[in-house]
Structures are given as structure tokens and as C-alpha cells.
Amino acid sequence: MKEKTKTTDKQGSDSEGSTVSGAEALLKCLIEEGVDTIFGYPGGAIMPVYNKLLDYSDRLRHILTRHEQGAAHAAQAYAMVTGRVGVCFATSGPGATNLVTGIANAFLDSVPVVFITAQVTSALIGTDAFQETDILGISMPVTKWNAQVKNAQDIPYAIARAFYIARSGRPGPVLIDISKDAQVENLSYSYRQCTYIRSYNPFIPLHMRDIESAAVMINHAEKPLILAGHGVILSGAAEELKALAEKGGIPVAATLLGLSAFPHKHRLFAGMLGMHGNYAPNVLTNQADLIIAIGMRFDDRVTGNLKKYAPDARIIHIEIDRAEINKNVRVDLEINNDAREVLSALVPMIRESSREKWIREFRILDRIEYEKVIKPETDPGEGEIRMGEVVKAVSDLTDGDAVIVTDVGQHQMAVARYYRFSEKSTLVTSGGMGTMGFGLPASLGAASGNPGNPVIAFIGDGGFQMTLQELGTIMQYHIPVKIILLNNSFLGMVRQWQEMFFNGRYASTEMANPDFMTLAGAYGIEAHRVTRREELRMAIGTMLAAEGPYLMEVTISREANILPMVEPGASVSDVTLTYR
């Protein structure tokens with residue numbers, strides 16, 4: 001560790017300069033960084049840390065998950081709802097490798113989490129010792145930075161850098177691997193927060209000429225369209241985004257992770273982009289003359305066929321990570337800065353405009369989508385219950401103000417389409433990785449970080465069974481998450497693709513499920529099964545009124561599809577509205 005690092009003048013605890021073990025120093029460092037909650041699972045190599053954790057139980061809350069993957073997802077969700085850095089502990093070997101899916105999930109979705117893993121004693125590293133794995137090599141592709149500590153005196157230095165790197169610039173996960181002997185060795189404790197690393201410069205000064213150029217392009221555009229991504233939320237730019245849209249009369253479409261950046265009831269909200277996004281923003285992307293992309297990376301699920309993407313539009317890309325600019329889509333103006341800083345400087349330069357004719361084009365297409373897709377999905381009247389009507393009912397009864405967590409699959413797209421997010425709500429979901437099993441552990445992490453607001457998790461029967469052991473964590477800590485289990489006895493999204501693109505050959509997608517009511521009862525969680533439409537709204541009301549955790553299983557249509565859909569290889573404007 002030879003990089004030059006500047007630090008703040010912030011002192012450590014009143015034991016500054018005292019002799020402590022490496023394990024205790026780690027905990028003191030976390031407290032200095034404002035950490036109050038840790039998700040984790042103990043094991044042999046990390047036992048010195050857990051032993052000292054008992055002495056800090058009044059300042060550090062530890063939540064014992066039932067699997068390290070659950071701890072990783074919970075820490076990510078905690079970070080997403082609090083805006084702080086999540087923290088996760090695991091032991092060496094399988095404990096560390098069980099984190100990898102969660103680390104990758106946080107990496108692709110740009111969420112700051114500090115992962116602390118233990119390692120065998122330094123003398124045994126490289127000998128294939130019991131429960132030794134090269135977690136640095138394994139995690140390197142999916143961490144923003146990682147490092148191994150073999151000496152106790154290096155622990156404060158490594159932790160300070162870890163938090164600085166995780167939260168600055170484009171946020172992301174970091175991993176610190178600490179050998180067991182470094183945890184038990186003593187050091188003279190002192191801590192300084194990191195504010196500068198010579199080889200890492202996440203703070204890029206604004207180039208006002210570029211912002212002035214953006215203003216000119218926006219002011220002269222007839223059909224501008226804002227694409228809002230997760231970066232808007234990460235930078236805290238929601239108010240600035242709304243100011244830009246309202247002043248310029250510019251419709252706002254959102255990526256999946258950008259959905260809660262803009263209130264859905266706002267007249268300028270155009271809907272969700274992408275494969276299962278709304279009809280209007282997808283079709284009109286290819287009619288826009290200017291695309292203003294903010295904090296998004298032009299993922300393939302958003303762009304469809306790149307050769308046919310936005311052919312008539314000039315593109316402004318506001319993005320904090322230079323590596324994402326011109327990576328997938330060539331742009332006309334790149335602004336490599338924090339979204340909030342850029343929008344704060346840009347808004348005063350924008351001319352007031354209504355652009356009513358352009359907005360009306362969205363409303364016309366909205367009406368077509370409503371009649372062909374939304375009305376049949378949310379107000380079917382008879383037949384089996386559909387995912388869309390469940391989501392809409394929850395949205396209505398919460399007025400769009402809940403923290404919403406989803407797993408991955410058809411239900412995730414139904415939530416994205418039919419939950420009307422307000423300015424107070426948050427969406428916690430797995431975007432880039434699309435990790436089945438994310439929903440349940442993420443819901444307990446979100447509820448731990450936001451105890452004042454209702455946390456509602458929408459989960460399919462497939463994803464639920466990947467991490468259902470976390471019901472034990474919910475039981476132990478009495479975490480009041482409300483779980484809506486949408487059960488169609490299929491791996492629904494895979495089944496949909498098999499129906500549409502593999503001649504209806506359902507290969508290994510139908511599921512024989514357990515009795516989820518009995519399962520919830522075994523964990524002491526109140527539960528109710530809904531099979532009839534007439535009881536749906538009352539059941540949701542009962543669930544929302546429950547003080548503790550609650551599981552509501554809804555038996556839904558077995559072979560319903562999520563539409564619209566931009567089929568693989570198609571242009572975003574070639575949207576399938578109906579199937580069969």
C-alpha cells in the first residue's frame with residue numbers, strides 16, 4: 001500500500017492512540033465512518049472480529065442472515081434506501097465465495113457496499129489451507145477496488161480507503177480481505193478518514209462550455225426526450241431533473257433503476273424504457289431529435305438493436321463514469337460529471353417551453369397501450385388473477401409511497417409497469433445482474449435501513465425458493481416486511497420466452513411448490529393465501545395493517561405474458577403489444 005493518501009482531521013474515538021487488536025480497530029473504524037448496521041455470517045477465520053463485536057453491540061447492530069448471499073443483498077438494499085455505504089461480513093473460503101453474486105449485483109447497479117472477508121493466517125496464504133480461497137482474484141472483476149491486509153497496523157488505512165472509494169464518483173462495492181493473524185495482533189489505534197488518493201480522481205470539474213452547448217441543443221430541439229437512469233438517484237438529482245423537465249417541457253422516460261427518480265403521476269412522466277417498457281417512450285425514442293441521457297449506460301435492454309436506435313436524434317450523455325460514454329452508443333455531446341452538479345448549472349440556461357405538440361404524441365400512444373395492454377392486465381374483470389392488477393391494487397392502497405422491493409422475473413416487470421412511484425418512494429431491485437433470489441434478503445435489508453416506511457416485497461415462487469431461508473432472519477429480528485408472493489407455479493419469464501421463441505416447449509420451467517402457508521407458519525410469520533379476485537383488496541389492507549412481518553400468497557394466471565415487448569434483435573420502435 002504505497003499510494004499517497006490525504007486524510008481529514010477527524011479524530012477517532014476517545015481511545016485514539018490506545019493499543020487494541022486488529023479486530024477491535026476494524027470495528028472502531030466502521031463506527032468512525034458512521035456505520036450502525038452490519039449484515040453477516042460468522043466462521044472460523046473471522047471469529048476474532050465477532051468476539052469483539054459483542055463489546056460494541058450498543059453501537060453496531062449485527063444482523064445474522066441465513067446465508068452469505070443474503071447478507072450481501074441485504075447490505076446492498078440497506079445502502080439503496082439510506083444513501084449510505086452498506087457493510088457486510090463473511091469468513092474465508094466458502095463464506096467469501098458465497099458473497100460473489102451479491103458483490104457482482106452491487107457492482108453492476110453501482111451501489112456502495114464495503115465487504116469485509118476474513119482470510120487464513122498470513123503464513124498459510126497460498127498453501128491451499130483449510131477454507132482458503134483467493135477472494136481477491138475471484139472478486140477483482142466485480143469490485144471497484146479490493147485489497148488484502150496481513151498486518152494489523154494497516155487495517156485503519158485500508159478501511160478509510162475502502163469507504164472513500166465505495167462512496168465517491170460512480171459508487172460501487174469494495175472488498176477488504178483481512179488475515180486472521182492481523183485480527184489478533186495489536187496496534188496503536190488512530191483513524192483518519194480518506195479524502196484523496198493520488199491515483200484516483202473521482203471529482204471532475206465542470207466544463208461550462210459543454211453545459212452551455214447542451215443548453216443550446218435543448219433550447220433548439222423540437223422533440224427532446226430525457227432518459228433518466230440510476231445515476232439520477234445516486235447523485236441526489238431528482239429535484240434538478242424535475243426542474244429541467246418542467247422548465248423545458250421535456251418528457252422524462254426512466255430505466256428500470258431510474259423509475260423512482262421522477263414521480264409517475266407527473267404530466268411529463270413518459271414511462272419506462274426498454275424491453276418491457278411503455279409503448280410511447282420506446283416508439284418515440286426513434287422520433288426524438290434530441291436524447292438527453294442522464295446517469296444511464298445505454299444497456300441492451302434499453303436500446304434494443306443498436307443499428308436502429310434513435311436514428312434521428314442527437315445525443316447528450318451526462319455520466320459520471322467516463323468508461324460508459326461512447327461505449328454502446330456514440331454521442332454528440334459528452335458531459336463527464338456528476339448529474340446533480342450538471343443539472344444545477346444547466347437548468348438556469350434552459351428556455352421555458354411547453355412543447356405541447358410533442359407531449360401530445362406520448363399521450364396518443366399511451367392511450368393505445370392502455371386499451372391493448374394495461375386495461376386487460378389491471379382490470380380484467382373475470383378469469384384468473386393477473387400480476388398487473390395485484391401491483392395496481394397495492395399502488396392504489398399505498399398511494400405510491402412505499403419502499404418497493406422486487407425479485408427478478410415477470411413480477412419485476414409488472415411492478416415496474418404498474419406501481420405508480422411517488423416522490424417519496426424507492427424501488428429496490430436487481431437491474432444489471434437480474435439476480436433471482438435477490439428479493440427476500442433485499443427486503444429485510446431495506447426494512448432495516450428504513451424502519452419508518454412500509455417495505456413491500458414482490459417475489460415470484462421461483463426466486464422466493466432460492467433464498468427463502470432468510471425467513472429465519474425476518475423471524476429472528478421481527479423485521480416487518482410485507483411479502484407478496486405471486487405464485488404461478490412456473491419460472492414465468494423463462495416460460496414466456498419458451499412460449500414465444502421456442503415453440504411453446506416448456507423445458508424445466510414448471511414448478512411443484514410447497515405449501516407456502518405452512519412454511520410461513522413454521523417461521524412464525526402471519527400469512528394468507530388469496531385465490532379469488534373479490535378478496536384481493538381486503539387481503540392487501542390486512543397485510544398493510546399488520547404490525548410485524550406478513551406473507552400474502554396470490555395465486556395468479558399460470559401462463560400470462562408481460563407485454564409490451566421489444567423482442568430480441570428488434571428496434572425499440574418495433575414493439576409487440578399483443579401475442580396470440
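Here are a few notes on the fold and the charged pairs of this predicted model.

1. Ground rules. Numbering starts from 1 along each chain as its sequence is written, and side-chain values use heavy atoms, with hydrogens and water left out. Since the model is predicted, local features need pLDDT of at least 70 and side-chain atom pairs count only at pLDDT 80 or more, while totals for chains, interfaces and linings use all residues.

2. Overall build. The protein chain carries 23 helices and 22 strands (DSSP runs: H or I of at least four residues for helices, E of at least two for strands, numbered from the N terminus). Its radius of gyration is 24 Å, close to the 25 Å the globule rule gives for 580 residues, so the chain is as compact as a globular protein of that length (taken over C-alpha atoms; the rule is 2.2 Å times the number of residues to the power 0.38).

3. Burial. Of the 580 residues, 60% count as buried (under 20% relative accessible area; exposed is over 50%, partly exposed in between, with a 1.4 Å probe and protein chains only).

4. Salt bridges. The whole structure has 28 of them (a side-chain nitrogen of Lys or Arg within 4 Å of a carboxyl oxygen of Asp or Glu). One network links Arg170, Asp321, Glu324 and Lys327.

5. A pair to look at. Asp515 and Arg529 bridge with their closest N and O atoms 3.0 Å apart. Asp515 sits in the loop between α21 (492–501) and α22 (516–522) and Arg529 in strand β21 (residues 526–530), so the pair ties together parts 14 residues apart in sequence. Asp515 is partly exposed at 38% relative accessibility, and Arg529 is partly exposed at 32%.
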